[in-house]
Amino acid sequence: MFKNVKLIAAALLCAGSLFAGTAGGGSDGRLMSTAYFDVTLKSQNPMLDYIKYSKRASFDIEQYLSTVNKIGEKYITVNIQGRIIVPSDIKTKQVYVSVGKAKYTYNDYNGGKWIYYNGSKQYQNSEYFAVDTKKDIFGERYVDFNIKLTHTEPWKVQGNWMQTPKNIIFYMAPKKRGFKNKFEKCDIYVLDE
């Protein structure tokens with residue numbers, strides 16, 4: 001009987017090490033399908049968190065709303081940041097990035113939304129936006145992104161595309177002629193802090 005228990009325990013340990021790093025954080029320090037979620041208020045230091053992302057459903061809007069709707073202070077800024085993984089079959093130095101059906105920019109008296117890449121001061125201003133790729137220490141090609149949202153009255157934010165990162169799904173295509181038929185959905189990651 002003890003022999004069977006030892007065999008089962010050994011099998012579970014092997015299975016655990018086999019699948020380590022496939023969901024959430026890996027042993028290399030990357031958190032896949034995750035972005036930094038930082039909320040800046042005037043009354044205190046930024047609130048630093050993570051937000052989950054899915055190539056099928058975008059960012060976790062329930063988490064977004066449950067965070068910002070509890071803030072009773074006017075004029076907050078939210079930054080959602082991470083790295084978009086360049087699909088392995090895209091070999092060009094520059095890529096076109098698209099956010100699918102989502103609006104890439106929005107601005108009115110209630111706040112705004114802008115998407116920036118690689119630390120640029122120019123926000124995405126067209127459906128297809130050309131950017132350079134980078135390479136991390138693991139050899140993975142990526143593009144940095146920052147979704148900046150501002151809210152004048154965060155407790156009134158609703159789950160629509162204008163006031164949240166709703167429906168933002170990252171797509172990439174190689175920067176070459178005929179690119180519009182070559183877009184692929186991309187995953188994201190951040191480094192664990």
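User: Two strands pair if DSSP finds at least two bridges between them. Which residue takes a positive phi in the hairpin of β10 and β11?

Analyst: Gly-139, with a phi near 85 degrees. The hairpin has 5 residues between its strands. Strands here are DSSP runs of E with at least two residues, and helices are runs of H or I with at least four, both numbered from the N terminus. One caution on the source: this is a predicted model, where local features need pLDDT of at least 70 and side-chain atom pairs count only at pLDDT 80 or more, while totals for chains, interfaces and linings use all residues. Residues are numbered from 1 along each chain as its sequence is written, and side-chain values use heavy atoms, with hydrogens and water left out.

User: How many bridges join β10 to β11?

Analyst: 2, and the strands run antiparallel. Lys-134 stands opposite Tyr-142 in β11.

User: What else pairs with β11?

Analyst: β5 (76–85) joins β11 over 10 bridges, antiparallel. There, Asn-79 is opposite Lys-148. β8 (residues 111–117) also pairs with β11 in the antiparallel sense, over 7 bridges. Ile-115 has Ile-147 in β11 as its bridge partner.

User: How many residues of β11 are buried?

Analyst: 9 of 11, so β11 is largely enclosed by the rest of the structure. Buried means under 20% relative accessible area; exposed is over 50%, and partly exposed lies in between (1.4 Å probe, protein chains only).

User: And for the protein, what share of residues is buried?

Analyst: 40% of the 193 residues. The protein has 2 helices and 14 strands. Its accessible surface comes to about 11200 Å², and 54% of that belongs to carbon and sulfur atoms. Those areas come from the Shrake-Rupley method with a 1.4 Å probe; for residues, only the protein chains shown count as cover.

User: Contact range. What percentage of contacts between residues at least 6 apart in sequence join residues at least 24 apart?

Analyst: 70%. A contact means heavy atoms within 4.5 Å.

User: Switching to α2. Which residues are buried there?

Analyst: Ile-61, Gln-63, Tyr-64, Leu-65 and Val-68, in a helix spanning residues 61–68. Their cover includes β2 (34–40), β3 (47–54), β4 (58–59), β5 and β11.

User: What caps the N-terminal end of α2?

Analyst: Asp-60. A side-chain oxygen of Asp-60 lies 3.2 Å from the backbone nitrogen of Glu-62. For reference, a polar contact is a pair of N or O atoms within 3.5 Å; within protein, one must be able to donate a hydrogen and the other to accept it, and residues adjacent in sequence count only if both atoms are side-chain atoms.

User: Salt bridges. How many does the structure hold?

Analyst: 7. A salt bridge is a side-chain nitrogen of Lys or Arg within 4 Å of a carboxyl oxygen of Asp or Glu.

User: Which residue does Glu-153 bridge to at 3.7 Å?

Analyst: Lys-74. That pair links distant parts of the chain, 79 residues apart: Glu-153 is in the loop between β11 and β12, Lys-74 in the loop between α2 and β5. Both are partly exposed: Glu-153 at 22% relative accessibility, Lys-74 at 40%. Glu-153 also meets Lys-156 in a salt bridge, 3.0 Å from N to O.

User: Which residues do salt bridges with shared partners join into one network?

Analyst: Asp-28, Arg-30, Asp-136 and Glu-140. Within it, Asp-28 and Arg-30 have their closest N and O atoms 2.8 Å apart. Asp-28 is partly exposed at 30%, whereas Arg-30 is buried at 12%.

User: Back to sheets. In what order do the strands of the 4-stranded open sheet run?

Analyst: β9-β6-β12-β13, with antiparallel pairing. β9 (129–132) and β13 (184–185) stand at the edges with a single partner each, so one side of each lacks a neighbour in the sheet. β12 (residues 171–174) joins β13 over 2 bridges. Tyr-171 has Lys-185 as its bridge partner.

User: Which strands pair with β14?

Analyst: β1 (residues 30–32) pairs with β14 (residues 188–191) over 3 antiparallel bridges, with Met-32 opposite Tyr-189. β5 joins β14 over 2 bridges, also antiparallel. Ile-84 has Ile-188 as its partner.

User: Last one. Which residues form the nonpolar surface patch?

Analyst: Ile-137, Phe-138 and Leu-191, with about 300 Å² of accessible area together. Patches take residues with over 30% relative accessible area and no salt bridge; like charges are joined within 9 Å, nonpolar side chains (Val, Leu, Ile, Met, Phe, Trp, Tyr) within 5 Å. Phe-138 sits in the loop between β10 (134–135) and β11 (141–151). Its relative accessible area is 34%, which means partly exposed.
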